[in-house]
Amino acid sequence: MGPVSEPVVPRITSDTGTIDALDKRQAVSSSVGMTVQTFTGTSVTLKCQTEGSPKPVVSWSKNGQSLASKGRISISVDGTLTVRNTRAQDTGRYKCSAKNAIGETSEASSVYIRCEYTYFT
């Protein structure tokens with residue numbers, strides 16, 4: 001019989017600050033906790049790195065509504081959320097929650113998706 005690990009409350013590794021990708025159209029990847037600004041037609045990846053014992057179950061929500069892997073949204077087994085082919089309506093507050101038998105914690109990112117305007121002279 002192996003060593004018994006003590007139960008540990010979930011913890012999420014997060015960052016703070018802003019990623020402003022409005023100078024070029026590119027995919028953006030960051031840890032949850034960051035504020036992200038980018039254009040439509042790109043992709044946004046938010047990583048939710050967790051620790052805890054038993055291993056926490058990760059879930060995502062946007063503006064309080066539960067998210068699942070479907071269409072342009074994918075959530076990987078490691079808790080990473082990716083929104084592909086971003087649209088203006090993808091703007092919102094994305095929250096990662098980590099829960100196990102001992103407790104629950106969460107971190108959130110604000111994501112702003114801007115339309116790129118073309119000016120005609």
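Residues are numbered from 1 along each chain as its sequence is written, and side-chain values use heavy atoms, with hydrogens and water left out. Because the model is predicted, local features need pLDDT of at least 70 and side-chain atom pairs count only at pLDDT 80 or more, whereas totals for chains, interfaces and linings use all residues.

Strands are DSSP runs of E with at least two residues, numbered from the N terminus. Two strands are taken to pair if DSSP finds at least two bridges between them. Thr-45 stands opposite Thr-82 of S10.

Further pairing involves S12. Strand S4 (residues 35–39) runs parallel to S12, with 4 bridges between them. Here Phe-39 has Arg-114 of S12 as its bridge partner. S11 and S12 run antiparallel and are joined by 8 bridges. A hairpin of 4 residues connects S11 to S12. Ser-97 lies opposite Ser-106 in S12.

The model holds 1 disulfide, defined as a pair of cysteine sulfur atoms within 2.5 Å. The bond joins Cys-48 to Cys-96, with an S to S distance of 1.7 Å. Its torsion about the S-S bond is about -70 degrees, so the disulfide is left-handed. The pair links distant parts of the chain, 48 residues apart. Cys-48 sits in the loop between S5 and strand S6 (49–53), while Cys-96 belongs to strand S11 (residues 92–99). Both cysteines are buried. Buried means under 20% relative accessible area, exposed means over 50%, and partly exposed lies in between (1.4 Å probe, protein chains only). Cys-115 has a relative accessible area of 38% and is therefore partly exposed.

In soluble globular proteins, nonpolar side chains tend to be buried together. A nonpolar core is here a set of buried Ala, Val, Leu, Ile, Met, Phe, Trp, Tyr and Cys residues joined through side-chain atoms within 4.5 Å. The largest such core has 18 residues. Leu-46, Trp-60, Leu-81, Tyr-94 and Val-111 touch the most other members. S5, S10, S11 and strand S12 (104–114) each supply at least two residues of this core. S11 gives the most, with 3 residues. Contact means heavy atoms within 4.5 Å. Leaving out residues up to four places away in sequence, Tyr-94 touches Leu-46, Trp-60, Leu-67, Leu-81, Val-83, Ala-108 and Val-111, among others. Its contacts also include Ser-61, Lys-62, Glu-107 and Ser-109.

Two residues show contrasting accessibility. Ser-43 is found in the loop between S4 and S5. With a relative accessible area of 18%, Ser-43 is buried. Beyond its neighbours within four places in sequence, Ser-43 contacts Gln-26, Ala-27, Val-28, Val-83, Arg-84 and Thr-86. Glu-51 lies in strand S6. At 39% relative accessibility, Glu-51 is partly exposed. Residues up to four places away in sequence aside, Glu-51 touches Val-9, Pro-10, Arg-11, Thr-13 and Pro-56. The C-alpha atoms of Glu-51 and Lys-70 are separated by 26 Å, at 19 residues apart along the chain.

Backbone geometry was also examined. Most residues other than glycine have a negative phi, and most peptide bonds are trans. A cis peptide bond joins Ser-53 and Pro-54, with omega about 0 degrees. Pro-54 is in the loop between S6 and strand S7 (57–62). Asn-63 has a positive phi, near 50 degrees. This residue lies in the loop between S7 and strand S8 (65–67). For Asn-85, phi is likewise positive and near 50 degrees. Asn-85 is placed in the loop between S10 and S11. Its relative accessibility is 45%, so Asn-85 counts as partly exposed.
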